[in-house]
Amino acid sequence: MSSVKTSAGVEAGLTALAVSLRGVTKTYDNGVMALGPLDLAVRKGEFISLLGPSGCGKSTALRLIAGLSAPSSGTVRVARHEGEVQPGHVQPGHGIGFVFQEPTLMPWTSVRENVRLPLKLGGIPKAEGRARADAALASVGLADFADAFPRELSGGMKMRVSLARALVTDPDILLMDEPFAALDEITRFRLNNDLLALWRGLRKTVIFVTHSVFESVYLSQRVVVMTARPGRIQADIRIETVEPRGEEFRTSAAYSDYCRKVSAALAPSYSGQSVL
Amino acid sequence: MNAQPSITAKPSGAQRAVRFVLPVVVFAAGLLAWELVVRIKEIPPYVLPAPSAIFLTLIKDWAVLSQSLATTLLTTLEGFVAASLGGIALALLFNQSKWVEYSLFPYAVVLQVTPVIAIAPLLLIYLEQQTAVVVCAFIVAFFPVLSNTTLGLNSVDRNLAGLFQLYGASPPQTLRFLKLPAALPYILGGLRIAGGLSLIGAVVAEIAAGTAGAGSGLAYRIAESGYRLNIPRMFAALLLLSLAGIVIYGVLALVSHLVLRRWHESALGKEN
């Protein structure tokens with residue numbers, strides 16, 4: 001399977017796209033088909049959620065977009081990538097920030113050094129790197145914890161550090177893989193609000209993987225519901241509401257309507273599966 | 001992690017004192033019993049010297065014994081440094097290339113499982129004595145460093161590795177900023193074992209070389225004193241070897257603790 005030739009018209013449309021997947025599949029070495037075929041277009045500055053049952057390939061899709069693994073077939077296009085990611089080729093993403101489900105911090109060094117890591121790897125001078133790391137930490141409300149070590153922080157604070165690290169390179173695209181799944185609900189709500197505030201301020205493209213209907217509706221402009229493995233798109237639901245969203249949105253009628261709609265779209269993906 | 005301190009309850013000051021005092025009391029009681037038995041039964045020193053006699057010999061023969069101690073410690077240190085550098089370097093090489101690992105690892109195991117006391121006489125034939133002794137210390141000590149470092153290098157968090165890949169880290173950067181720090185607790189654990197083993201390797205080689213006559217390490221003193229039926233000196237030399245082993249272990253444990261205390265669970269357990 002080779003790359004899909006794009007027509008001139010689509011090419012022009014691509015300028016407004018941050019990410020575009022065309023006929024992307026991923027089959028693992030053990031023969032398990034994890035994903036696809038998947039077609040997905042994400043506009044610049046859009047906040048979309050990928051929602052689906054566990055094992056549906058959401059995280060795989062994210063890793064493909066990040067260039068951490070290569071698609072088995074189809075093409076992955078990311079704005080500011082040099083060209084396309086072809087099957088079998090991996091190109092490290094520039095202009096991409098990645099937040100994992102776990103905070104994924106280096107325990108042996110300070111919070112500031114953890115946040116500075118992407119800049120250090122990119123050859124940015126130490127003084128500038130430290131200044132930018134401190135600024136990124138301030139933007140997630142952790143200015144006072146730059147010298148702390150990761151183990152001294154709470155789960156929510158570690159996640160904020162992870163977010164600061166993803167933001168420190170000022171990426172165009174922020175990929176988040178169930179970042180708040182392991183947190184308690186109160187911490188998660190607060191981080192949801194902070195993330196929305198950051199997104200409003202920075203207007204980055206955010207692709208947010210989650211298995212929470214509520215979280216996806218609360219955060220995103222678009223919820224893409226995926227089927228069980230191999231993951232394909234089940235529904236693409238636009239969440240239209242008054243901006244900026246705040247806590248009052250959580251209790252509004254529109255919010256519960258959307259949650260119902262998204263849940264209904266999700267139902268076919270798990271109804272066929274055994275509960276185990 | 002927050003639950004950890006409450007489960008393994010923080011030892012109070014009194015508990016800690018007891019843990020320190022008890023072995024000392026046992027040691028003192030043992031010495032006293034030994035001394036009494038030797039005196040009451042009037043056992044001659046060439047059969048079993050009293051602790052006091054050993055202590056006096058230690059002072060009397062200090063010139064000879066300290067010289068030997070220095071020799072043995074130097075050999076141990078050389079063997080330890082060689083084993084540390086060799087073990088870590090070999091582990092890094094294995095980590096870079098599976099081919100090298102598959103080709104060489106079996107031989108590392110062979111070296112490890114063949115008793116060094118059996119290899120030492122051969123080494124003494126082919127190598128200069130001082131070199132042979134260091135090589136013995138190396139052979140005994142390098143394997144734990146190699147296997148621990150290999151384990152550590154393979155224990156890197158998968159997502160952190162992905163992060164380094166995402167930001168286009170070069171192999172040297174990944175090694176320096178990710179793999180080596182992640183492997184550090186394992187490497188230090190290997191070094192702690194290697195310290196004691198290098199001493200054992202040095203002693204074994206000295207004893208094997210002893211009959212050749214030119215050695216002057218503590219193990220050689222023990223062998224030599226044995227031939228001369230100078231039993232108190234044998235004990236004094238043995239005491240010094242024991243102390244050397246304890247100090248080596250203590251120093252390496254302290255270094256490991258100081259290096260890891262801010263982040264690694266193994267070091268945190270002791271502090272909190």
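This is a predicted model: local features need pLDDT of at least 70, side-chain atom pairs count only at pLDDT 80 or more; totals for chains, interfaces and linings use all residues.
**Briefing: chains A and B**

Buried residues make up 35% of the 272 residues in chain B, where buried takes 20 or more other C-beta atoms within 10 Å of a residue's own, with C-beta atoms placed from the backbone (12 or fewer is exposed, and in between is partly exposed). Residues are numbered from 1 along each chain as its sequence is written, with chains lettered from A and ligands numbered from 1 in the order in which they are written.

**Chain B overall**

- Chain B has 12 helices and zero strands, with helices being DSSP runs of H or I with at least four residues and strands runs of E with at least two, numbered from the N terminus.
- Along principal axes, the C-alpha atoms of chain B fill a box of roughly 75 × 55 × 30 Å.
- Take the contacts in chain B between residues at least 6 apart in sequence: 75% of them join residues at least 24 apart. A contact here puts the two C-beta atoms, placed from the backbone, within 7 Å.

**A helix pair in chain B**

- Helix α4 (residues 62-96) and helix α7 (residues 129-153) of chain B have axes that come within 6 Å and cross at roughly 35 degrees. Those axes are lines fitted to C-alpha atoms, for helices over the stretch in contact, with angles from 0 to 180 degrees between N-to-C directions.
- The crossing of α4(B) and α7(B) is right-handed, meaning the near helix is turned clockwise from the far one by less than a right angle.
- Where α4(B) meets α7(B), the contact has 16 nonpolar, nine polar and one charged residues. For these classes, Ala, Val, Leu, Ile, Met, Phe, Trp, Tyr, Cys and Pro are nonpolar, Asp, Glu, Lys and Arg are charged, and the others, Gly among them, are polar.

**A sheet in chain A**

- Three strands of chain A form an open, antiparallel sheet in the order β2-β1-β4; pairing takes at least two DSSP bridges between two strands.
- β2 (33-43) and β4 (73-78) of chain A are the edge strands, each pairing on one side only.
- From one strand to the next, the twist averages 15 degrees.
- Five bridges link β1 (residues 17-27) of chain A with β4(A) in the antiparallel sense, and T25(A) has S73(A) in β4(A) as its bridge partner.

**Where A meets B**

- 17 residues of chain A are in contact with 16 residues of chain B.
- On the chain A side, β5 (96-99) and α3 (111-121) are the elements that give two or more residues.
- That side of chain A has 12 nonpolar, three polar and two charged residues.
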